[in-house]
Amino acid sequence: YGFINTCLKSLVVEKYGEETWEKLRLQAGVQDSFLTFEVYKDEITMQLVDKACQILGVPADVVLREFGEYFFEFCKRSGYDHMLRTLGGNLYEFIENLDALHSYLSLSYQANTEVLVLFVFPQEMNAPSFRVEKNEDGSMHLHYYSDRRGLCHIVPGIIGAAALDFFNIEISMEIINQTEEEERTGKKEHIVFLVTQTPVFSYKERNEFSSSPQYLADSEKRIENQLNKEDLEKAKNTTRERGSSICPVKKSHWKTVRGIITLGKGKLLRGFDPVYPKSLWIDTKTFCNGLPFHMVFDKELRVKQAGVSIQKIVPGLQTMGICLDRYFSIVHPEVPFTISSIQKFINSQFVFQTRREMMPESWKQRPMLELRGQMIWMESLQCMLYLCSPLLRTLHELEERQMHIADIAPHDVTRDLILLNQQRLAEMELSNQLERKKEELRILSKHLEEEKKKTEALLYAMLPQHVANQLKEGKRVEAGEFKECTILFSDVVTFTNICAQCEPIQIVLMLNAMYLRFDRLTTVHDVYKVETIGDAYMVVGGVPVPVPTHAERVANFALGMIIAAKGVQNPVSGNPIQIRVGIHTGPVLAGVVGEKMPRYCLFGDTVNIASRMESHGVPSKIHLSSSAYQCLKCKNFEMTERGEIEVKGKGKMHTYFLIRNKTATENEIMGRP
């Protein structure tokens, strides 16, 4: 079930972080989330455990034990605390009733059970089984049976956590025997644990608790249990004769007080002795009608008695003395159909199933009837009483077997369970649908987030990030004045001639190859790409985020452009293309223009001069204005003077050429490792 895989994910995320879970699930090749009621293959859980051992570098038994401890807490947080807490008043009773809990939940939830996985896997998926034996020294032998080998180390984790939480005791569990199944049918792993218990009290708690009535009552009970049967019987007889409370140990104040309190006609509140009639005041007919689903059989499995409803369904039972195993097989627990095997597992709930070949013709096309109930050994008669009810979960199952509510005794809670379960299954189906929708929404949300990131990346490629964020928030972006920045223009030499002699696709491929290289350099040197128009490429340093190193950044970018252009082929000549580069430093006004396709544009004479530096430049040279030269002259750059030139619209201007960066290597300029 997805519940157990979800728990494993929760454990890894909580203790080791999201990154560890992501690494674990990718290596295991499983999805990120699991539906609670969905049935998943065992291999998924096994693969997760195996990869967890490898990634965390711990043995499997440690991982499984830690998972067992966490799983108990996970079940409590999931709403099963009260159900688990009421299983028994002590650890022995708790373990003894685990199989009954599995059986009930399997019936109640059918295939949609969460906590069935309390001890590894649900009954619908061959749940493990438990049998516990008390030892004279107070320890216990816990027998664990499972189809799945290698998972037994989960059990100490869960049992230990339950013992500490519910009964305030610490336990140690040691494997004393590990064999192939012999006591039950099929090949199962059979692990025997030796369980020893130690109460857990702080000094303060020990003093407070030892003076409480509950503790004193439990102490008395433990003392009485230590007495042998003969002494206890003598003590009881003495009590009855004297009509007062006499304890076979030294009296204390609380015992004297309790001895005074009586209930009814002289019956002590402290003790209880059942009263049985001299003869059974019920006739055979009434018994068989009142318990319509019961059977009595002897050591040889010969039927001695059966309820009327089971006789109606299995007519062969009307012949007293027939062998029970001819008409029924044991589904749970998976034991041989012998009286000794039944006695060994007598504390378990037994599920019988009718044999198809022995059913009347009218029943052979229907699903077989299953009975669930308890076994009671009657020593005086040397017979076994099987008190049972039909194992039916829904009205649909009742109809499939052509049975009616009236076939079940009015006192049998199976009636209420069927009706209640019908409603619960409808609610669980709705819960399943909601969980699936939730998972679908999660996946859609994840995809939406991915698409949002792509959209933002595209938007940030068109506009500066802070400007784009303002536009997304619906704010108006005010134009900003930058007192000093450095602008670069470049174009391809003889681009017009190349276009005239080539196919359009060749031009597109050439420009794309060149611009991809230039775009990467903008990231390397942290300059802002303003726009491209045809073969013209424009960048700026110090805008939209002012920085004092704007001139150096643009200069290094320009040097990288010259190197990068050598890797782009002229489709006409086959030689590397040549570019002209112009740079100027000065003030600009920057702002967003347009609404349909907004662009971040620069305005001012600085833009015009930078463009003139490019148009009046020399192929494969970086042309600098005097203001750009002034910003770079003390910055470890090698430059040569070009002299005065006539610049269109500007008259005579003193310009320079940028040769190289004296301190940076070519790899550093190009951003190579």
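Modeller: Helices (H or I, at least four residues) and strands (E, at least two) are DSSP runs, numbered from the N terminus. This is a predicted model, so local features need pLDDT of at least 70 and side-chain atom pairs count only at pLDDT 80 or more, while totals for chains, interfaces and linings use all residues. Residues are numbered from 1 along each chain as its sequence is written, and side-chain values use heavy atoms, with hydrogens and water left out.

Colleague: Which residues of α7 are buried?

Modeller: Ile154, Val155, Pro156, Gly157, Ile158, Ile159, Gly160, Ala161, Ala162, Ala163, Phe166 and Phe167.

Colleague: And what makes α7 largely enclosed by the rest of the structure?

Modeller: The count does it: 12 of the 14 residues of α7 are buried, so the rest of the structure largely encloses this helix.

Colleague: What follows α7?

Modeller: Asn168, which has a positive phi near 55°. Asn168 lies in the loop between α7 (154-167) and β3 (169-180).

Colleague: Why is Asn168 called partly exposed?

Modeller: Because its relative accessibility is 30%, and partly exposed covers whatever falls between the buried and exposed cut-offs.

Colleague: Why is Asp526 called exposed?

Modeller: Its relative accessible area is 51%, so Asp526 counts as exposed.

Colleague: Which peptide bonds are cis?

Modeller: Two to look at are these: His332 to Pro333, with omega near -10°, and Val543 to Pro544, with omega near 0°. Pro333 is in the loop between β9 (328-332) and α14 (339-344), and Pro544 is in the loop between β15 (536-541) and α20 (550-565). As background, most peptide bonds are trans.

Colleague: Why is Thr414 called buried?

Modeller: Thr414 has 7% relative accessibility, so it counts as buried. Its place is in helix α16 (residues 414-462). Leaving aside neighbours within four places in sequence, Thr414 is in contact (heavy atoms within 4.5 Å) with Ser389, Pro390 and Ile408.

Colleague: And why is Gly534 called partly exposed?

Modeller: Because Gly534 has 47% relative accessibility. Gly534 is in the loop between β14 and β15, and beyond neighbours within four places in sequence it is in contact with Leu511 and Tyr515. Its C-alpha is separated by 9.5 Å from that of Val492, 42 residues apart along the chain.

Colleague: Why is Ile505 called exposed?

Modeller: Ile505 has 52% relative accessibility, so it counts as exposed. Ile505 is found in helix α19 (residues 504-525).

Colleague: How confident is the predictor overall?

Modeller: The average pLDDT, the predictor's confidence in each residue from 0 to 100, is 81, and 83% of the residues score at least 70.

Colleague: Where does pLDDT stay under 50?

Modeller: Residues 234-254 are one stretch, with 23 contacts beyond four places in sequence in the model. Residues 260-269 are another, with eight such contacts. Where pLDDT is low, the predicted coordinates should not be read in detail.

Colleague: And how much of the protein is buried?

Modeller: Of its 673 residues, 44% count as buried. The protein has 23 helices and 20 strands.

Definitions and conventions:
Buried < 20%, exposed > 50% of the residue type's maximum accessible area, 1.4 Å probe, protein only.
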